[in-house]
Amino acid sequence: MKDALKTGYRMIDTAHAYQNERSVGRAVKDRGIPREEIWITSKLWPNEYGEKETPAALERMRKRLGVDYIDMVYLHQPVGDYVGAYKVMEQELREGKLRAIGISDFDYSDELYHSIIDHVELAPDCFQMECHPWAQRRHWQELLKPTGTVLEAWFPLGGRDSNGEILRNPVICEIAKAHDKSRAQVVIRWHVQKGHSVIPGAENPAYIKENIEVFDWELTPEEMARIEALDSEKRYFNMSYDQIKQWFSGY
C-alpha cells in the first residue's frame with residue numbers, strides 16, 4: 001500500500017471482507033497525503049445490508065478507515081436486503097458521509113440489475129464486474145450508458161485463474177512490442193481508452209510502478225479494434241447466481 005501511494009496511486013480499493021481497512025487508513029495517514037487527494041473505496045458485506053443494519057455498518061467502516069467520509073461504497077454481492085442497504089447509502093450520500101455509491105457483481109442477469117435499479121432513486125456511480133479483453137461486457141457497456149454509470153473492471157488482466165492467458169495472446173504481445181510496453185500495460189491502456197475504471201492488483205513494487213505508467217501514450221484506433229476483436233465473453237469467475245446465493249445462505 002505504501003509503495004503504491006509513493007508511486008502516485010491515489011485510488012484505493014478495499015472492503016470489509018478483505019480485512020485490511022484499518023491498514024489502508026494507517027497507510028494513508030503515514031504517507032501524510034491530504035485526505036482530499038485520496039479516493040477510498042470500500043464495500044459492504046451482505047450481513048451488513050438493510051435499513052436497520054447498514055447505518056451502523058457504514059459508521060464502523062469509517063472508524064476502521066479513520067475517516068469522516070468515504071469516497072465510494074459498493075454493495076459487494078447481490079444477495080440479502082440490498083435495496084434497503086442502497087437506500088441508506090443514498091441518504092448518506094445526501095448527508096456528505098459518502099461521495100459516491102456503487103454495486104458489484106449484479107451482472108448475473110438484467111432482471112437482477114433491475115431488481116435494484118428500479119427501486120432506488122439514484123443510479124449507481126459505478127458498477128464493478130469482471131471485464132477484460134476476453135469478456136468485454138458489451139451488453140453492460142450499452143446498458144449503463146443512459147445512467148452514466150461507469151464500468152469498473154475487476155480481473156482487468158484476467159485474474160489468477162486465467163494463468164496469464166490474455167497476456168500471452170499474440171495480438172497483445174505484438175502491440176506491446178510495437179509500443180515498447182509490457183503486455184499488462186497494453187491491456188490496462190485499452191481499459192483506460194474504453195472509459196473503464198480499472199483496478200489491477202499487484203504486490204510486486206515493480207508491477208505497481210509499471211501498471212500506473214499508462215497515461216503518456218495511446219493505442220491507435222486499429223490496435224483498439226484488434227483487441228476488441230478478441231472478445232468471446234470468456235470469463236474466469238463462473239459461479240452461477242444460484243451458487244452465489246447458496247454460498248451466502250449463512251449471512
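This tour moves through a predicted model, from the whole sheet to its strands and then to the helices beside them.

Residues are numbered from 1 along each chain as its sequence is written, and side-chain values use heavy atoms, with hydrogens and water left out. Because the model is predicted, local features need pLDDT of at least 70 and side-chain atom pairs count only at pLDDT 80 or more, while totals for chains, interfaces and linings use all residues.

**The sheet**

Begin by displaying the strands. Helices (H or I, at least four residues) and strands (E, at least two) are DSSP runs, numbered from the N terminus. The strands form an open sheet of seven, in the order β1-β2-β3-β4-β5-β6-β7, with parallel pairing; two strands pair if DSSP finds at least two bridges between them. At the edges lie β1 (11–13) and β7 (197–198), each of which pairs on one side only.

Select β2 (residues 39–44) and β3 (residues 70–75), which run parallel and are joined by four bridges. Here K43 stands opposite Y74 in β3. Axes are lines fitted to C-alpha atoms, for helices over the stretch in contact, and angles run from 0 to 180 degrees between N-to-C directions.

Move on to β4 (residues 98–104). Five bridges join β3 to β4 in parallel, and V73 has I101 in β4 as its bridge partner. Six of the seven residues of β4 are buried, where buried means under 20% relative accessible area, exposed over 50% and partly exposed in between (1.4 Å probe, protein chains only).

**Strand β5**

Select residues 126–130. Is β5 enclosed or open? Five of its five residues are buried, so β5 is largely enclosed by the rest of the structure. C126, Q128 and E130 point one way from the strand, whereas F127 and M129 point the other way.

On one side, β4 and β5 pair in the parallel sense over three bridges. I103 stands opposite F127, and S104 opposite Q128. Five bridges join β5 to β6 (residues 150–154), again in parallel, and F127 stands opposite L151 in β6. To follow the chain from β5 to β6, trace it through helix α6 (residues 138–144); this β-α-β crossover is right-handed, meaning that, with the strands pointing away from the viewer, the path from the first strand over the helix to the second runs clockwise.

Finally, select α4 (residues 82–95), which lies across β2, β3 and β4 and runs at about 160° to β4. Together, β3, α4 and β4 make a right-handed β-α-β unit.

Methods
Contact means heavy atoms within 4.5 Å.
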